[in-house]
Amino acid sequence: MTDKIMNLPPVSEMMRNSGLEPKKQFGQNFLFDLNLTLKIAKSVPDIENTDVVEVGPGPGGLTRAILMAGAKKLVAIEKDKTTEPILSQIMDASDGRLNVIFGDALKTDLSDMNKSGYAICANLPYNVGTELLIGWLHQIADGANIKSLTCMFQKEVAERITADVGDKQYGRLAVLANLIADTKILFDVPNTAFVPRPKVQSAVVQIIPNKNKIKQITNIANLEKLTAKLFGQRRKMIRGIIKTDWEKFGLTGMERAEEISPELFLKISRNIDINLL
Ligand code: SAM
């Protein structure tokens, strides 16, 4: 089933033939190494029985790997229309498994994929990676049937997603991600793997939504307001930011946001209404 994909010319050759050049404004840093793209695609849990969404297929290096790894169906969302000549060749070789949507992933409604559920696998554009992730986490909390996310992020963002309380990178993103899912860095990817080569290093992160955690979240807006307020002044003691009875949460009020665990943030957000403070 994947023979036709394997017989396509290498990604670099397809780019040369179609005159496609990487564009900075779309955050384009491409992967050409099939060993690496296959390693990412094969990290998607149960990929052979799963529909996959890829954000930003670009010239299709990872797209081909996801198809070769056996994804049941792949929906790829790409903002840069000039990739069309290459992506349509991959579509033709995909035996109907690949569907490309040209548009902005930040505005694409995927709710019709909720019935069977889907995995997200992407080498994300750095300029919108965090925004996309926060959007997906909110959708998951609202019931979207996203089974897993296996995505490349800038290393610094990967560390902010997976940070534990007390870590230097611990902040709003870690609290939100860890209250909704189980997260881990799968492996680092050096900047030499990308064309063009970015200044920063990268890492592939796996995020698996956790139903037991999600059902504890009753008011995500209040939780987000709380973390924004406390991490907004992260060097300040919490009693100097919010006046409340901190002792009922087992705190003195002299702690800083970075010392409060995700579970404790959740508990506080369930008991105080930030709008009333
Ligand atoms: N998947 C390809 C690879 O690994 O070689 C390309 C990855 S590149 C880091 C990011 C891709 O996302 C680019 O193709 C870019 O055009 C696309 N992109 C950027 N912003 C986007 C958005 N808002 N919606 C959809 N695609 C976007």
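1. Basis. The model is predicted: local features need pLDDT of at least 70, side-chain atom pairs count only at pLDDT 80 or more, and totals for chains, interfaces and linings use all residues. Residues are numbered from 1 along each chain as its sequence is written, and side-chain values use heavy atoms, with hydrogens and water left out.

2. Ligand shell. The ligand is surrounded by 20 residues, the closest being Leu31, Gly56, Glu78, Asp104 and Asn123; a residue counts as near if one of its heavy atoms lies within 4 Å. The shell comprises eight nonpolar, seven polar and five charged residues; here Ala, Val, Leu, Ile, Met, Phe, Trp, Tyr, Cys and Pro are nonpolar, Asp, Glu, Lys and Arg are charged, and the others, Gly among them, are polar. Strand E1 (30–31) and strand E3 (73–78) each contribute at least two shell residues. Strands (E, at least two residues) and helices (H or I, at least four) are DSSP runs, numbered from the N terminus.

3. Polar contacts. The term denotes a pair of N or O atoms within 3.5 Å. A polar side-chain atom of Gln28 is 2.9 Å from a ligand oxygen atom. Of the 590 Å² of accessible area that the ligand has on its own, the protein covers 98% (Shrake-Rupley method, 1.4 Å probe).

4. Aromatic pair. Three aromatic pairs are counted, with rings of Phe, Tyr and Trp (its six-membered ring) pairing if their centres lie within 6.5 Å; planes under 30 degrees apart are stacked, over 60 edge-to-face and the rest tilted. Tyr170 and Phe231 form an edge-to-face pair because their ring centres are 5.9 Å apart and their planes stand at 75 degrees. This pair links distant parts of the chain, 61 residues apart: Tyr170 is in the loop between helix H7 (155–162) and helix H8 (172–180), and Phe231 is in helix H10 (residues 220–232).

5. Backbone. Most residues other than glycine have a negative phi, and most peptide bonds are trans. Val195 and Pro196 are joined by a cis peptide bond, with omega about -5 degrees; Pro196 is in the loop between strand E8 (194–195) and strand E9 (202–209). Asp46, in the loop between helix H3 (34–42) and strand E2 (51–55), has a positive phi near 55 degrees. Asp95, in the loop between helix H5 (84–92) and strand E4 (98–102), also has a positive phi, near 55 degrees.

Note on methods:
A polar contact is a pair of N or O atoms within 3.5 Å; within protein, one must be able to donate a hydrogen and the other to accept it, and residues adjacent in sequence count only if both atoms are side-chain atoms.
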